[in-house]
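Please look at the sequence and the structure below before reading on. The report that follows takes up a ligand and its surroundings, and then turns to pairs of charged side chains.

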Amino acid sequence: MPATTSVTLNTGAVMPTVGLGTWKSKPGQVEHAVEFALKNGYTHIDTAAGYQNETEVGQGIKASGLPREKVFLTTKLDNPDQRHPAKALEASLKKLDTPYLDLWLMHWPAPMTRDGQPDKGHDWLDTWKVMEDLYLAHPEKLKAIGVSNFSVEYFERLLKVARVVPAVNQIELHPSCPQDDVVAYCQNKGIVLTAYSPLGSDNSPLLKNETVTKIAAKYGVQPANVLISLHANKPMHTVLPKSVTNERILNNAKIIDLTPEEIGELHDIDKTHHFRACHPSWTGFGGLGFPDCK
Ligand SMILES: NC(=O)C1=CN([C@@H]2O[C@H](COP(=O)(O)OP(=O)(O)OC[C@H]3O[C@@H](n4cnc5c(N)ncnc54)[C@H](OP(=O)(O)O)[C@@H]3O)[C@@H](O)[C@H]2O)C=CC1
Ligand SMILES: O=C[C@H](O)[C@@H](O)[C@@H](O)[C@H](O)C(=O)O
C-alpha cells in the first residue's frame with residue numbers, strides 16, 4: 001500500500017497525514033516554525049494548552065497567509081483543566097485566535113492539580129462527558145474531539161458510555177514503542193492513530209539505529225524520513241514530527257513508500273530496544289493501563 005497523504009476521520013473530515021509537532025517549541029521560535037511549515041506544504045499543526053505556546057502558534061498560522069480552513073489545527077485540554085473544560089476551550093480559541101479547532105484532545109486521562117499532583121477526586125470520564133456536550137452543542141467551535149495517551153483498558157471504560165466515539169487517539173508510536181495492542185484496537189473501532197514522538201523525541205537513539213540507517217541509505221533519505229514514513233505507510237495513521245529548524249521541517253515532509261519487510265524489520269527494533277519518551281507515570285496515575293508500563 002503506498003504511503004498516505006491524508007486520512008478520513010469518523011466525522012468525515014480529512015486530516016493530513018503529516019503534522020508539525022510543537023511540544024517544547026519555544027515562543028520566539030515556534031511562530032517561525034509554524035509559518036515556515038505552512039508556507040512549505042504542511043497543512044496540519046499540533047499544539048496543546050500545556051505547551052504554553054498557543055498564542056505564538058496562532059501568530060504563525062496568521063503569518064503564513066494560509067486561510068484558516070486550509071489548516072488542520074489540533075490542541076489539547078490540559079490535565080489541570082479537566083474540572084472546567086468549557087473555560088479551557090475558550091482560552092485555547094482565544095490564544096490561537098481562531099473561531100474553531102479541527103480537533104480537541106483530552107491530553108491525558110489524568111486530572112491534575114495546578115501544582116502537578118494527581119487530582120484523584122475527579123474522574124476523567126466526567127471530563128469526556130463535558131467534552132462531548134461541548135462538541136454536540138458547538139459544532140461551529142469543535143469539528144472533532146478525541147483523546148491522547150489512551151490504552152485499551154481505558155478505551156474499554158470510555159466506549160461503554162461514550163456518546164461520541166473519539167475521532168483520534170494520539171499516542172507515542174515509533175519502532176521502540178509500537179503499541180500493537182492499542183493500535184489494532186483503534187483501527188478496529190475506526191479511531192485514527194496519531195503518532196507522537198515519531199523520531200523518539202530529543203536526542204533519540206533511533207536516528208542512529210542500524211536498521212533505520214540501512215533503510216535510509218537504500219532510499220537516499222535521512223533516518224528521520226524512515227521513522228516518519230513508517231506511520232504514513234499504515235492505514236489510519238497520522239504522524240507529528242517536531243522541529244524548529246528550517247531544513248529539518250522541509251526534510252521531514254518527504255515521505256517514502258516502505259516494503260512490508262522493511263516495516264517488519266523496523267518493528268523488530270522494539271524486541272531489543274524498547275523505550276518511551278513520555279512515561280505515563282509522570283501524571284501520578286501509574287501506567288494508565290499500558291501493558292509495558294506495569
Ligand atoms: N499527546 C502527547 O502527550 C504528546 C504529544 N506530542 C506531540 O508530538 C510531537 C512530536 O514529538 P516530540 O516528542 O516533540 O519528538 P520528535 O520525535 O518529533 O523529535 C523531535 C526532536 O527531533 C529533532 N529533529 C527533528 N527533525 C529532525 C531530523 N530530520 N533529524 C534529526 N533530528 C530531528 C528536533 O530538533 P529541533 O526541533 O531542534 O530541530 C527535536 O529535538 C510533539 O512536538 C507534540 O506535538 C509529543 C509528546 C507527547
Ligand atoms: O505532549 C507532551 C507530553 O504529554 C507532556 O506534556 C508530558 O509528557 C509532560 O509534560 C511531561 O513532562 O512528561
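Predicted model: local features only at pLDDT ≥ 70, side-chain atom pairs only at ≥ 80, totals over all residues.

For the side chain of tryptophan 282, the distance from one of its N or O atoms to an oxygen atom of ligand 2 is 3.5 Å. On its own, ligand 2 has 330 Å² of accessible area, of which the protein covers 71%.

## The surroundings of ligand 2

The residues that surround ligand 2 are Trp23, Tyr51, His107, Trp108, Cys278 and Trp282. Sorted by class, this shell holds 5 nonpolar residues and 1 polar residue, while charged residues are absent from it. As for its place in the protein, ligand 2 sits in the largest pocket.

## Salt bridges

Side chains of opposite charge can pair when their charged atoms come close. Counting a side-chain nitrogen of Lys or Arg within 4 Å of a carboxyl oxygen of Asp or Glu, the model has 16 salt bridges.

One of them joins the side chains of aspartate 202 and lysine 24, with 2.9 Å from N to O. Because aspartate 202 belongs to the loop between strand E8 (192–196) and helix H7 (210–219), and lysine 24 to the loop between strand E2 (14–16) and helix H1 (30–39), this pair ties together parts that are 178 residues apart in sequence.

Notes. Residues numbered from 1 in each chain as written. Chains lettered and ligands numbered in written order. Heavy atoms only, no water. Near = heavy atom within 4 Å. Polar contact = N/O pair within 3.5 Å; in protein donor to acceptor, adjacent residues only side chain to side chain. Areas by Shrake-Rupley, 256 points an atom, 1.4 Å probe, with all protein chains shown as cover. 1 Å grid on protein atoms, 1.4 Å probe; cavity = no way out; pocket = protein on both sides within 12 Å on 5 of 7 lines; lining within 4 Å. Sits in = over half its atoms within 2 Å of the grid points. Nonpolar A, V, L, I, M, F, W, Y, C, P; charged D, E, K, R; others polar. Helix = DSSP H or I, 4+ residues; strand = E, 2+ residues; numbered from the N terminus.
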